[in-house]
Amino acid sequence: MNTGESFAVVTGASQGLGKAFAEYLAKKKINVILISLPGQNLKQLSEEIAEIYHVKTHYYEVDLSVNENVLKLTEWLNNSFHIHILINNAGLGGTKKFMEASPQYINTILQVNVAATSLMTHQLLPNLLKQPQSYILNVSSMAAFSPIGYKTVYPASKTFIHSFSRGLHEELKNTNVFVSVVNPGAMKTNQDVCDRIEKQGFLGKLTLLDPDRVAGYCIDQLFKKDSVIMVNPVSWLVMKILPIWIKLPLMTNAIKKEIEA
């Protein structure tokens, strides 16, 4: 496919897995549009990717927790670009006792993880359908396969993403738009995340992933039309095999250690 005038859209692109996605796509000579929160040096990253990989780049700073912002963003994208790849990577985690969480804290996680992903996909789908071949990659989590105490809202939101992606894949399977979902574990996105995960003990350290390797593998599998991408098959198998009465307290205790630390 000639991608010279079409673009890939990556949300949460300023750091971690989102940044790795953008860079790997650029390595493959695919133009990218970077989406992230204001104040995260997105302009500089956009210019660096364009210079290093000789592709076209654009960027858009926005808070995706506000529905109106998402609609304005997608209107700009649809009016300005041909889009053949959408990577819904932006997401919020959070570790907190549910009783101590504010209404805004709960709402923001749901808005970014659930509403923004759904709206981005819905609004850009007509654009994607116009291209010869298009791809949607939604980033879920290993947390989608188990509830977790002290996180509560986050795993539920990622269960939504997994279910939403599988359903949309089936709905669009006879079109030119291929839908995939990836369920990675925790990643070395920044020092704060690394420190937080390592406080969970051996289990946390064992499952910590490198975002560059994850991004490359995901994009390669996406283009091979793998509808459910498992970055760490061992972790996935453990999550599937372990009964809920074992994995729920096991994972909750790991998060509890993190809070206490």
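User: In which strand is the place of S180, and why is S180 called buried?

Analyst: S180 sits in strand β6, residues 177-182, where a strand is a DSSP run of E with at least two residues, a helix is a run of H or I with at least four, and both are numbered from the N terminus. Its relative accessible area is 0%, and since buried means under 20%, exposed over 50% and partly exposed in between, with a 1.4 Å probe and protein chains only, S180 is therefore buried. The model is a predicted one, in which local features need pLDDT of at least 70 and side-chain atom pairs count only at pLDDT 80 or more, while totals for chains, interfaces and linings use all residues. Residues are numbered from 1 along each chain as its sequence is written, and side-chain values use heavy atoms, with hydrogens and water left out.

User: What is S180 in contact with, leaving aside its neighbours within four places in sequence?

Analyst: Contact means heavy atoms within 4.5 Å, and with those neighbours set aside S180 touches I136, L137, N138, S165, L222, D226, S227, V228 and I229. A further separation is given for Q221, which is 41 residues from S180 along the chain and 9.1 Å from it, C-alpha to C-alpha.

User: Why does S165 count as buried, and what lies in contact with S165?

Analyst: S165 belongs to helix α5, and its relative accessibility of 1% falls under the limit, so this residue counts as buried. Beyond its neighbours within four places in sequence, S165 makes contact with N138, V179, S180 and V181.

User: Why does H162 count as buried?

Analyst: H162 is in helix α5, which covers residues 153-171, and its relative accessibility is 16%, so H162 counts as buried. Apart from neighbours within four places in sequence, H162 is in contact with S140, A144, F145, V181, N183 and V228.

User: Why is the pair of W76 and F81 called edge-to-face?

Analyst: A pair of aromatic rings is described by the distance of the centres and the angle of the planes. Rings of Phe, Tyr and Trp (its six-membered ring) pair if their centres lie within 6.5 Å, and planes under 30 degrees apart count as stacked, over 60 as edge-to-face and the rest as tilted. This rule gives a count of 5 aromatic pairs. For W76 and F81 the centres are 5.2 Å apart and the planes are at 80°, so the pair is edge-to-face. W76, at 27% relative accessibility, counts as partly exposed, while F81, at 11%, counts as buried. Both belong to a cluster in which ring pairs link F7, Y60, W76 and F81.

User: Which residues line the second largest pocket, and how do they divide?

Analyst: Its lining consists of L209, D210, R213, V214, Y217 and V231, and it holds about 150 Å³ of space. A pocket here is an open set of points on a 1 Å grid where a 1.4 Å probe fits, with protein on both sides within 12 Å along at least five of seven lines, and lining residues have an atom within 4 Å of a point. The lining divides into 4 nonpolar, no polar and 2 charged residues, because Val, Leu and Tyr count as nonpolar and Asp and Arg as charged.

User: Why does G216 count as buried?

Analyst: G216 lies in helix α8, residues 211-223, and its 9% relative accessibility makes G216 count as buried. G216 and F21 are 195 residues apart in sequence and 7.2 Å apart in space, C-alpha to C-alpha.

User: What share of the residues in the chain is buried?

Analyst: Of the 261 residues in the chain, 49% are buried, and the chain has 10 helices and 7 strands. Among contacts with a separation of 6 or more, 71% join residues 24 or more positions apart.

Terms used. Points joined across faces, edges and corners; volume = space filled by probe spheres on them.
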